[in-house]
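Please look over the sequence and structure first.

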There are 2 protein chains.
Amino acid sequence: MQNTTESAEDRLIARYFRPLAKHPGALGLGDDAAVLTPPEGCDLVLTTDGVIAGVHFFADDAPDMVARKALRMNLSDLAAKGAKPLGFLLSVALPAATDEAWIAAFAAGIGEDAERYGLPLLGGDTDRTPGPTSVSIAAFGAVPRGKMVRRSTAKPGDSIIVTGTIGDAALGVLLRRDAKLAARWRLTEAFAAYLQQRYLLPQPRNALAEAVQQHASAAMDISDGFAGDLAKLCRASKVAAEIDVGRVPLSDAARAVVAADAAAMETALTGGDDYEIVLTLAPDKLAPFRDAAKRAGVAVTEVGRIAAGEGARFLRDGKALAFARASFSHF
Amino acid sequence: MQNTTESAEDRLIARYFRPLAKHPGALGLGDDAAVLTPPEGCDLVLTTDGVIAGVHFFADDAPDMVARKALRMNLSDLAAKGAKPLGFLLSVALPAATDEAWIAAFAAGIGEDAERYGLPLLGGDTDRTPGPTSVSIAAFGAVPRGKMVRRSTAKPGDSIIVTGTIGDAALGVLLRRDAKLAARWRLTEAFAAYLQQRYLLPQPRNALAEAVQQHASAAMDISDGFAGDLAKLCRASKVAAEIDVGRVPLSDAARAVVAADAAAMETALTGGDDYEIVLTLAPDKLAPFRDAAKRAGVAVTEVGRIAAGEGARFLRDGKALAFARASFSHF
């Protein structure tokens, strides 16, 4: 027989994903595996994260946004570890009813962000599923040998820094679920759109990765809520943290929400999907880190201090806040 | 507040998966990412593959078998590329109704094979899903720099070799779906069990990886059916293949099936889930490869030859077979 049959999966990959696989190690997605020569003197940083329709995104979210969010969740982990992006593997499970336009837009979104962040597609796996659309990504980065920034190495006396603004995505998802909230919060259309966009499309801080690698004593990405994630960093480092709630950076939109509904501050501090970085700095590193952040164009704010002890305390006017729920979990 | 809350996901990971994360680079699954120092002078080989309940396995399959199959599918890719295992990332999506006993058995199965094949768990991601149980694995291996064995480098005159036996899993899955087939095929209980076991639990040929790396001109793992996968290798290498069907190695159980139902030979040659390796060898490599395979304890069989031209031809008594369907696809 002349065996020239290609499966539906082969055709799909060839049409939409192969054009994205420009890295020579991807071998045009035409082999069992990809090949990557690790940079000299480096360690590899390996992370995996994914999204499932109805759990991490809304089934009617635009497919390019779904793709970009999935990729950016992984990029955010690399940034928080101080790693330079090397590449990623993409697993996609699609319901049989998925139309080609969805797949085309999804692939275009992945391709756009792969270019933007310099994280090339190296390989993947595509399957049909009787369940919801699912995307799982494994991403790889590089750090100088022995220099990956961990959660477990914060020291008493270190400053606590966060990037960007906190809580936008947590407020954005509430707006997405209940359109009437915008009126209750007296939000302009622009503010409501801004918060929802922050949920839909994270802004991972990869521009800051080198500065994190060079200066941070510890770091992690904020994905399950600032309060809960900081508590994890404290547990891992066997230290306590004191946060001055008044210094936690809020966007103008989030500030408008909190002005209308003071209880929203708890949502901002404990909700998920920030994809910012919380990091700690020894006192002598504060100035050079600020300079590097300025050069990278990433806003950074000192919000508190690491102390001996345990637990993360959020202080407002000297009093500790008590949260009903410290952390967000999809599980 | 004292923030000591852990999510259900955190507890699950701590209880069942953290004990498997013995590699120092896994950081006890307690960080955003894993860290891995690549071996000197090596390239990384990166692959991803997964399974979905109802697509790649039966929902009532034993959870440790599901886990081991998912891992072994990836191990088989590493073996076919001549790579030494380095580690893997595990993504699991579980329906809310999954009981802890399932998770415990799944984790035990993954842990057992991670030990057996020297492929340590480096990190992962656990989520609840409204859909079926899904497992996605990204696996990493190492080859000497520039030496990953590809699909695209077979040359006319090369011998074509397959490992193990072909078609067992394809026959096994038919038995699994229709218990009456065992009687129609006049199979002993042991033969029927053997074929089903070959479907349930692949035997990846990682013991042969070094020999493949040192001797093969091209290789790929056989996962979507021998005929279809060989056709892919031919397309990638821009060559033709001629297979002597009489030399394709069958297990005693598969031979019994073919004796009862000659048409089953097509199923054996085109069905999926073999997880054997097809490789090509320049004439002077045949003897040293056979020696190395003997030392590795892996059966290898010469089944044909690469020629100029295109397409994979399966010859029986000099006549080419025509298959209704060359390749298996879950998609």
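At what angle do helix α6 and helix α9 of chain A pack, and how many Å apart are their axes?

## Helix packing in chain A

The model is predicted. Helix α6 (residues 189–200) of chain A packs against helix α9 (residues 252–260) of chain A at an angle of about 110 degrees. Their axes lie 9 Å apart. Angles of 65 to 115 degrees count as roughly perpendicular, so α6(A) is roughly perpendicular to α9(A). The crossing of the two helices is left-handed.

On the α6(A) side, A:F191, A:Y194 and A:L195 make the contact. On the α9(A) side, the residues are A:D252, A:A253, A:A254, A:A256 and A:V257. By class, this contact of α6(A) with α9(A) has seven nonpolar residues, one charged residue and no polar ones.

## Parallel pairing in chain B

Strand β8 (residues 240–244) of chain B pairs with strand β11 (residues 311–316) of chain B. The sense is parallel, over five bridges. Within this pairing, B:A241 stands opposite B:A312 of β11(B).

## Hairpin in chain B

β11(B) also pairs with strand β12 (residues 319–320) of chain B. Here the sense is antiparallel, over two bridges. B:L315 stands opposite B:A320 in β12(B).

Which residue of this hairpin takes a positive phi? That residue is B:D317, with phi near 50 degrees. The hairpin of β11(B) and β12(B) has two residues between the strands.

Methods:
Residues are numbered from 1 along each chain as its sequence is written. Chains are lettered from A and ligands numbered from 1 in the order in which they are written. This is a predicted model: local features need pLDDT of at least 70, side-chain atom pairs count only at pLDDT 80 or more; totals for chains, interfaces and linings use all residues. Side-chain values use heavy atoms; hydrogens and water are left out. Two strands pair if DSSP finds at least two bridges between them. Helices (H or I, at least four residues) and strands (E, at least two) are DSSP runs, numbered from the N terminus. Axes are lines fitted to C-alpha atoms, for helices over the stretch in contact, and angles run from 0 to 180 degrees between N-to-C directions. Angles under 35 degrees count as roughly parallel, over 145 as roughly antiparallel, 65 to 115 as roughly perpendicular and the rest as oblique. A crossing is left-handed if the near helix is turned anticlockwise from the far one by less than a right angle, and right-handed if clockwise. Contact means heavy atoms within 4.5 Å. Ala, Val, Leu, Ile, Met, Phe, Trp, Tyr, Cys and Pro count as nonpolar, Asp, Glu, Lys and Arg as charged, and the others, Gly among them, as polar.
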